[in-house]
Amino acid sequence: MTVSAHHAAALVASLSILIVNSLAGQTIEPGKLMGTVNEECSWSPDGKTIAFDSIRSGRLNIYTWRIDTRELKQITTTEANDFTPEWSPDGKQIAFVSDRTGHNEIFLIDLNDGMPRQVTKDNSDAIHPHWSPDGRRVIYCSARDNPNQASAPEGKIYEIYTIKADGSDLRQITHDKGLNTHPSFSPDGRQILFRKVLGETSEVL
């Protein structure tokens, strides 16, 4: 999945929020938060801020938006594309995907010093980062074993990997040469949920 394909419809997307009410039978309408140039987003652990990617600067960059004060901050500034932000469990870092190296790779940015740091060096398509509950590892999917997805006779291949936040101790989780995407840890960190595409359909495993 390239950034251009992934964000083909992103230019007309907007962030909305649902206020969940416990009253049974009540109609819930989403409230629009901001304009039409935003897509992937995630909550901060304290629930006060949203991280999201936006093309408002001309390229995809990461922003944060505080709910109560409506304060908007640009977190990354690059001529490349930075997207799919995911907060660390302690709220101090954001994992995201960037194509600034020529490939989609996983980066982390420390919200205190604002310095992005490359975590993966797959030289292919590394996407869908999520944190382990203890914040020590990032789980993601990668085409590193099949970097030329477009012309590979077996078709697209994404395997699930985990890696420490410092870029060490890479571990491959799936080995079936399938299309395995959108991984995430269970709250206790003992299980992994991901989507596996089976032919024309997909299953959650």
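How many disulfides does the rule count in this chain? The count is zero, where a disulfide is a pair of cysteine sulfur atoms within 2.5 Å.

This is a predicted model in which local features need pLDDT of at least 70 and side-chain atom pairs count only at pLDDT 80 or more, whereas totals for chains, interfaces and linings use all residues. Residues are numbered from 1 along each chain as its sequence is written, and side-chain values use heavy atoms, with hydrogens and water left out.

**View 1. The whole chain and its confidence.**
The chain contains one helix and 17 strands; helices (H or I, at least four residues) and strands (E, at least two) are DSSP runs, numbered from the N terminus. Mean pLDDT is 83, and 76% of the residues reach 70 or more; pLDDT is the predictor's confidence in each residue, from 0 to 100. Over residues 1-12 pLDDT stays under 50, and the model has 29 contacts for them beyond four places in sequence. A contact means heavy atoms within 4.5 Å. Among contacts between residues at least 6 apart in sequence, 31% join residues at least 24 apart. Of the 205 residues in the chain, 42% are buried. Buried means under 20% relative accessible area, exposed over 50%, and partly exposed in between (1.4 Å probe, protein chains only).

**View 2. Two cysteines.**
C41 is partly exposed, with 43% relative accessibility. C141 counts as buried, since its relative accessible area is 0%. In general, a disulfide is a covalent bond between the sulfur atoms of two cysteines; the count for this chain is zero.

**View 3. Stacked rings of F52 and Y63.**
Three aromatic pairs are counted. Rings of Phe, Tyr and Trp (its six-membered ring) pair if their centres lie within 6.5 Å; planes under 30 degrees apart count as stacked, over 60 as edge-to-face and the rest as tilted. One of the pairs is F52 with Y63, stacked at 5.7 Å centre to centre with 20° between the planes. The pair links distant parts of the chain, 11 residues apart: F52 belongs to strand β4 (residues 49-54) and Y63 to strand β5 (residues 61-66). F52 and Y63 are both buried.

**View 4. Stacked rings of Y140 and Y161.**
The rings of Y140 and Y161 form a stacked aromatic pair, with 5.9 Å centre to centre and 25° between the planes. Y140 lies in strand β12 (residues 137-142) and Y161 in strand β13 (residues 159-164), so this pair ties together parts 21 residues apart in sequence. Y140 is buried at 0% relative accessibility, and Y161 is buried at 3%.

**View 5. Arginines over aromatic rings.**
A charge sits over a ring if NZ of Lys or CZ of Arg is within 6 Å of the ring centre and within 35 degrees of the ring normal. The charged end of R56 is placed over the ring of Y63, 5.4 Å from its centre. R100 lies over the face of F107, with 5.0 Å to the ring centre.

**View 6. Nonpolar cores.**
A nonpolar core is a set of buried Ala, Val, Leu, Ile, Met, Phe, Trp, Tyr and Cys residues joined through side-chain atoms within 4.5 Å. The largest has 22 residues, of which I106, L108, W131, V138 and Y140 touch the most other members. At least two residues of this core come from each of β8 (93-98), β9 (105-110), β11 (126-131), β12 and β13. The most come from β12, which gives four. A second, separate core has eight residues, among them I94, F96, F107 and I109.

**View 7. The surroundings of W131.**
Apart from neighbours within four places in sequence, the contacts of W131 include E86, W87, S88, P89, Q93 and I94. Further contacts of W131 include A95, L108, R137, V138, A165 and F185.

F194 is part of strand β16 (residues 192-198) and is buried at a relative accessible area of 14%.

Most residues other than glycine have a negative phi. R70 is not a glycine, yet its phi is positive, about 60°. R70 lies in the loop between β5 and β6 (72-74) and is exposed at 56% relative accessibility. H128, also not a glycine, has a positive phi of about 60°. H128 is found in strand β11 and is buried at 7% relative accessibility.
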